[in-house]
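Student: I am new to this structure, and I would like to learn how to read its helices.

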Amino acid sequence: MDRLAEIIDSIARPLDLASKDNFARLPNIKGLEGLITGLTQEAIPLSPDPSIQAKLRGLQENFVGFEEAQGMAKEELIKRGGELLEEIRGALDSKGTDQPYRQGEIANLLRTPIQFIKGVGPKISQLLKKKGIETIEDALYNLPLRYEDRREIRRIADLTIGDRCVGYAEVIAAGEVVYPKSRRRVYEAILGDGSGLIIAKWFQGIKYIRGRLKKGDQVIFCGEIRGYRAQREIFHPDLEWVEGKEGDSLHFGRIVPVYSETEGLYQRRIRGIMHQVIQDAALKVTSPIPPQICKRCNLMPLSEALCEVHFPRGYLDIEQLNLKTSRPHQRLAFEEFFFLELGMALRRRGIAQEEGIAFRVEKTPSADHLLEKLPFTLTKAQERVIEEIKGDMVKPHPMNRLLQGDVGSGKTAVALVASLIAIDNGYQAAVMAPTEILAEQHYFNLREWLRGAGVKAVLLTGRIKGRERDELYQAITVGEAQLVVGTHALIQEGLSFKRLGLSVVDEQHRFGVMQRARLKRKGTVPDLLVMTATPIPRTLAMTLYGDMEVSILDELPPGRGPIVTKVYREKEQGEVYHRVGEEVAKGRQAYVVYPLVEESERMDLRDATQGAQRLRGEVFPHYTVGLIHGRMKGDEKEQTMRAFREGEIQILVATTVIEVGIDCPNATVMVVEHAERFGLSQLHQLRGRIGRGPHPSICLLLAPARIGKEAWRRLKVMEETTDGFRIAEEDLAIRGPGEFLGVRQWGIPDFRVANLIRDARLLQQVRREAFALIDQDPELSREEHLPLREVIREKWHARLELASVG
């Protein structure tokens, strides 16, 4: 840290102390005027910038006569001093820019094995490897889990019940106790510091703490202070063992980083290693982002951000640090987002420049025949989206479009029109679905609509083997099969299309970017249409589909009844099934859905099977109860679905295989057992199976009596709205991007610092900057952009399939 920054911190500390607790300590603070005069006079010549020098003089003048001032006047001078200090910091930060970026030097530095850091060596490096830290780069981005404010370590006598506090004490006694009434085993330690005692308690992890905590140990403890009778207590405190003197400047008297630990490598040692890494490497790291972007976005130098994110200076807000929204955190997040969005901009530009197929979109007999034959009228939204797709297909560059539409908005019909346009131009079309049941459902629907159109459609799934598969492969290879519907089997190595013109990928979030690309490569450069019924929140769509044009089907077909959703406790199951009985008595049909338990698919199957048996035998003996699940053979599933559609089955018990695909307008009621086990977006998908006819529908969510407040709040969201986008935003906020998407197969990285939800606004700013830069320099060929080109080529080339770079 340079001397000027140190001086600013030295001025900030007494000002912070003076203003704390509504200026309670102000009367005790002496000599402030002299201190600030001396420090500002030292600081003025250190800055070459006249505007910063002027601010420093203003700060000095502000405290002239401070010692003689009284009460409120003193408080105003402290407040004004704090404001001036912030202005000086802002000016210093905006002046700071990264040193020139030298790709080779920095790459070599970052790749240096961690064992070469002073104090590490081969043995410690093996322990660090368990934490995923093998190089200096890994260490620099091993960010603290949280931060503790140890500028003020309180005496036990001064700890306030209800506050989160930090204290320093000796272990007076420690051991395991058993509470007589509950027979509960608890590990307790009495901590003392001469001013009082506090009891630390552990209800879990007893074996671990028993092996580490000994009488006579000196520890720092941190946590929420509780009160029991007249005694202070602290449950599961964060502990750090103190070796040597309390005054160690790395671990006390500052905001202290707290890292994740690993067996044999504890907090103080890790902190020491991280401090050494920062000293040895952080100041040498620079950013390839052009200086004008750094200045426009008010970014601190990358080296400074790395120093501050590990060992923050006193002026940084502890709350912002712990929320990961501090200025250094945001600077590192900017860097991560920038290269992702730069890659997206390059990919979009590359696709726009690729030579594709210019389809004829007028006079397409098969597509026209379909539009005449459909048993429903297209919505205005469907008509608009079909025109957007035609606008893409007619161009000599490949279409790369995402079609978002809520459950039941009619995406399949739109995709079929696009497929038939390709077929009418002498090309083949492929529709890839994530599950066999959805692929089968698409195939049977499409085959029904295509009767009399003279188009040969085939179904290809992983279950089709031997001679039948060989015949299908042959039909696809010679071009006899014009519309191919299937699962992952479509992207197998041995399969080649004669003339693939359009790839349609359904339920995109279940596929990886690479799988999408593999299907695309089955043709020369086919058009690509990606469909998803899970509304993707805007921030996520910008990241996952940053290279795509987006169409939204925001209108449901007319004449559909409203859906009402109600959450019930398990004890109200009788009332729930009474409502089902009422609907079925009116001639309607019902779904009863059981969750898929990931730990054991057998368990899921048994639940659904036993549920169906109970409903048949005890609850609805007078009705036909069917069962469908993922383990059934394709023809069995189709038979069951057809029987349900035709009204032969009144109540269909199912696992989540019905999440997508089954269309029965007469189904007006759905019960979801153990609704708390599903994500909100999945519940929304399931609910979309009802409300497809003119009658009002009800969705009844059953949850156990004992679920947490958060789980109950999530289910209540389903009662409040049927808007898929609002539900998706809630789901994303609750579960995070990885879980929301179901699988981690994306071509996007696991961000080390950035967070798509927390940093949504930053992502939008970064996206504007990255896309504007590619507009100005599409090949990154300007001299100042060559470092960006190198980083993109090295780190992102394969992941983003960037044909246009290198």
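Predicted model: local features only at pLDDT ≥ 70, side-chain atom pairs only at ≥ 80, totals over all residues.

Tutor: Residues are numbered from 1 along each chain as its sequence is written, and side-chain values use heavy atoms, with hydrogens and water left out.

Student: How many helices and strands does the protein have?

Tutor: Helices (H or I, at least four residues) and strands (E, at least two) are DSSP runs, numbered from the N terminus; the protein has 28 helices and 21 strands.

Student: Which residues of H1 are buried?

Tutor: Buried means under 20% relative accessible area, with a 1.4 Å probe and protein chains only. In general, an α-helix has 3.6 residues a turn, so residues three or four places apart point the same way. The buried residues of H1 include Leu-4, Ile-7, Ile-8, Ile-11 and Leu-15, and of the 806 residues of the protein, 55% count as buried.

Student: How do two helices pack?

Tutor: Two packed helices are described by the angle between their axes and the distance between the axes. Here the axes are lines fitted to C-alpha atoms over the stretch in contact, and angles run from 0 to 180 degrees between N-to-C directions. Helix H24 (residues 680-687) and helix H25 (residues 709-720) pack at about 35 degrees, with axes 10 Å apart. In their contact (heavy atoms within 4.5 Å), H24 contributes Leu-680, Leu-683, His-684 and Arg-687, and H25 contributes Arg-714, Leu-715, Val-717 and Met-718.

Student: Over what span does H1 reach?

Tutor: The expected span of a helix is 1.5 Å times one less than its number of residues; H1 (residues 3-23), with 21 residues, reaches 29 Å from its first C-alpha to its last, close to the 30 Å expected.

Notes. Buried < 20%, exposed > 50% of the residue type's maximum accessible area, 1.4 Å probe, protein only.
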